[in-house]
Amino acid sequence: MNPLEIIDKYYPEAGKLKHILLTHSRSVADKALQIADRHPELGLDKDFLYEGAMVHDIGIFLTDAPDISCFGEKDYICHGYLGADLMRAEGYPQHALVCERHTGAGISLKRIVEQNLPIPHREMLPVSLEEQVICFADKFYSKTKLDQEKSVEKARKSLEKHGEDGVARFDHWCELFL
């Protein structure tokens, strides 16, 4: 699978949004691969880490987030499942799971229902180690400050709005991956 070919299909024109997506995704991929290199005992699939990290945010163009040049119709929280739909249509169901499960530190069905989130009612928590590593790596990079890696403290703080369970997952990942 060539993630850049798929990105080019959905982001055919060079521009601000494609630049943001590629820069952010490369940062996440680099961090995920660094984790894999530091932890050979985990037996992580490096090719999948790279591919999944590169396409994890492919659905952002379908959402309304003008500060990152997204002018779609859906709420930004929908970008994960929308990207998953794109990746399933492309024939990559495992990559689709990365898209669907990376938002926040993953989103439980309980939280989706309790907060009446505008996303499908199903568990959206990262399961495989590769999904978890990509989700974890993603927390260190924003799409508005592309040149800055967040500290562990800032990454953790950014998850507080997503609830205690997300912070607990992040803390567990810090123990596993750092």
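Trainee: What is the relative accessibility of S69, and does S69 count as buried or exposed?

Mentor: S69 counts as buried, because its relative accessibility is 17%. Here "buried" means under 20% relative accessible area, "exposed" means over 50%, and "partly exposed" lies in between, with a 1.4 Å probe and only protein chains counted. The areas come from the Shrake-Rupley method, also with a 1.4 Å probe, and for residues only the protein chains shown count as cover.

Before going further, please note that this is a predicted model, in which local features need pLDDT of at least 70 and side-chain atom pairs count only at pLDDT 80 or more, while totals for chains, interfaces and linings use all residues. Residues are numbered from 1 along each chain as its sequence is written, and side-chain values use heavy atoms, with hydrogens and water left out.

S69 is placed in the loop between β1 (64–65) and β2 (70–71). Helices (H or I, at least four residues) and strands (E, at least two) are DSSP runs, numbered from the N terminus. The backbone at S69 deserves attention: its phi is near 65°, a positive value in a residue other than glycine. Most residues other than glycine have a negative phi. N116 also has a positive phi without being glycine, with a value near 50°. N116 is found in the loop between α6 (109–114) and α7. Whereas S69 is buried, N116 counts as exposed, because its relative accessibility is 63%.

Let us now turn to the loop between α3 and β1, where L62 lies. L62 is partly exposed, since its relative accessible area is 28%. Contact means heavy atoms within 4.5 Å. Leaving aside neighbours within four places in sequence, L62 is in contact with G72, E73, K74, L82 and L86. L62 and P120 are 58 residues apart along the chain, and their C-alpha atoms are separated by 16 Å.

Helix α3 is mostly covered, with 7 of its 10 residues buried. These buried residues are F48, L49, E51, G52, A53, M54 and V55. The elements that cover them include α1, α2, α4, α5 and α7. D47 also belongs to α3, yet D47 is exposed, given a relative accessible area of 58%. From C-alpha to C-alpha, D47 lies 28 Å from T63, although the two are 16 residues apart in sequence.

In helix α7 one finds D138. D138 is buried, since its relative accessible area is 8%. Apart from neighbours within four places in sequence, D138 makes contact with H24, V28, H56, D57 and H102.

The next topic is the nonpolar cores. A nonpolar core is a set of buried Ala, Val, Leu, Ile, Met, Phe, Trp, Tyr and Cys residues joined through side-chain atoms within 4.5 Å. In soluble globular proteins, nonpolar side chains tend to be buried together. The largest core here has 45 residues, of which Y11, I58 and F136 touch the most other members. Two or more residues of this core come from each of α1 (3–10), α2 (16–38), α3 (46–55), α4 (79–89), α5 (93–101), α7 (129–138), α8 (152–159) and α9 (164–177). Helix α2 gives the most, with 9 residues. Not counting residues up to four places away in sequence, Y11 touches L17, K18, L21, D57, I58, G59, I60 and F61.

Finally, consider the whole chain. Its secondary structure comes to 9 helices and 2 strands, in the order α-α-α-β-β-α-α-α-α-α-α. The radius of gyration is 15 Å, close to the 16 Å that the globule rule gives for 178 residues, so the chain is as compact as a globular protein of that length. This radius is taken over C-alpha atoms, and the rule is 2.2 Å times the number of residues to the power 0.38. The C-alpha trace spans about 40 × 35 × 30 Å along its principal axes. Buried residues make up 51% of the 178 residues, and S69 is one of the buried residues. Of the contacts in the chain with a separation of 6 or more, 60% involve residues 24 or more positions apart. The accessible surface comes to about 8600 Å², with 51% of it belonging to carbon and sulfur atoms.
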